[in-house]
Amino acid sequence: MKLRPAVLGLILLVVLVLSPNCAEARPAPAGGHPQKKLSSYSFFVFGDDFADNGNLPLTDPVTQMSRQWAYPYGSSYVDADGNPRPNTPSGRFSNYQIQSDFIATILGLEEAPPAHALTAEKTCDPSGMTFAYAGAGVLDSSSTHKVPTLAKQVDTFRKMVKDGTITQQQLSRSVALVAISGNDYYGSSSTIGLSTPNDINAYIGKVTKEIAANVEQLQKLGVTKVIVNNLHPVGCTPSQTRTNNYTACDVFGNLGASVHNSNLKQTMEGNKNVHVADLYTAFSNIVDTVPGKGQELSKQFKRKLSPCCESFDSNGYCGQQGDSSELLYSVCDKSNRFFYWDDMHPTHAGWEAVMKQLEKPLREFVHQD
């Protein structure tokens, strides 16, 4: 996803230097996957690559910025009838489904709603719409890829509400996901020069306040329930663990994420129609368990800190090919034994294990009056 955290304390480097492979903007496929299930809910998705299912076009040739539209992404795809269709990239940063797809099924949908970029103008699918762009953050300076910030995504949603494309009926049973996974702490000019705990805390506070402001805007526009991700343990992503041969998480990165999460929790307290999805705990229970206490969900993964799809070059990326079309990466045989798919994003199995932990509180939140 992209998330490279800023960190505090004397022991921290304000911002983890996450390799450029982490966060990016992503292209869109030739076509979306139609919803087959009817649900009483409309689902609106905002954020970054934990939720982007095709909001940027495919490039020719495929690059690091559009690799989610090429093999091996989508290599474990299964169609709506349950039939395997290997090598079916869909703009998702995984071998199959991502977080927003799993939340969609909780709401009674087949998968995450169609990407805005793949939808005809002045239309909105009954299931809702995905506005998320991989590489996006909440501050204007957070992305080097010129993708819409969270505020710009929400503004697109606002315009569609105001012109009636998104109907009041849809809003009356609407759920939104705000999936922000750390781009504001990576590749941002705003983080350059931050060196003291006060500077770092102020910057983190600015990020979390902006998330809260956009959540408030969604509610004012009529969204009835909003799910907001906290930061997962970014120090455990393969981009951070590669330097120690995938043997241990980076404690400074995880500390930075914890500070963000503490601030986010404070900004969201007291709003019964907002639920903070605790990705930090759900990820940690799998990839950073206490020795000897590993829970069952963790035991299913033989590889917790290393990626299924790995570039031969630390500066390369999953799916990269050379000038003669030679493969510059390797792919594991059993993706369900790996928690991470590439340098930043979980496998389908990884997301499934995370969402199993979050499903009960999410269901309770969605169904509460």
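This is a predicted model: local features need pLDDT of at least 70, side-chain atom pairs count only at pLDDT 80 or more; totals for chains, interfaces and linings use all residues.
Buried means under 20% relative accessible area (1.4 Å probe, protein chains only). Of its 40 residues, Phe-43, Trp-351 and Val-354 touch the most other members. I noted that β1 (42-47), α1 (99-106), β3 (174-179), α7 (279-287), β9 (338-340) and α9 (348-367) each supply at least two residues. The largest share, nine residues, comes from α9. Helices (H or I, at least four residues) and strands (E, at least two) are DSSP runs, numbered from the N terminus.

**Ground rules.** I kept to local features with pLDDT of at least 70 and side-chain atom pairs at pLDDT 80 or more, whereas totals for chains, interfaces and linings use all residues. Residues are numbered from 1 along each chain as its sequence is written, and side-chain values use heavy atoms, with hydrogens and water left out.

**Phe-43.** I listed the contacts of Phe-43 (heavy atoms within 4.5 Å), leaving aside neighbours within four places in sequence; among them are Ile-103, Leu-107, Met-129 and Val-175.

**Sheet.** I traced five strands in an open parallel sheet, ordered β2-β1-β3-β4-β5; two strands pair if DSSP finds at least two bridges between them. The edge strands, β2 (128-130) and β5 (274-277), each pair on one side only. Four bridges join β4 (residues 225-229) to β5, and Val-226 stands opposite Val-274 in β5.

Conventions
A nonpolar core is a set of buried Ala, Val, Leu, Ile, Met, Phe, Trp, Tyr and Cys residues joined through side-chain atoms within 4.5 Å. Buried means under 20% relative accessible area, exposed over 50%, partly exposed in between (1.4 Å probe, protein chains only).
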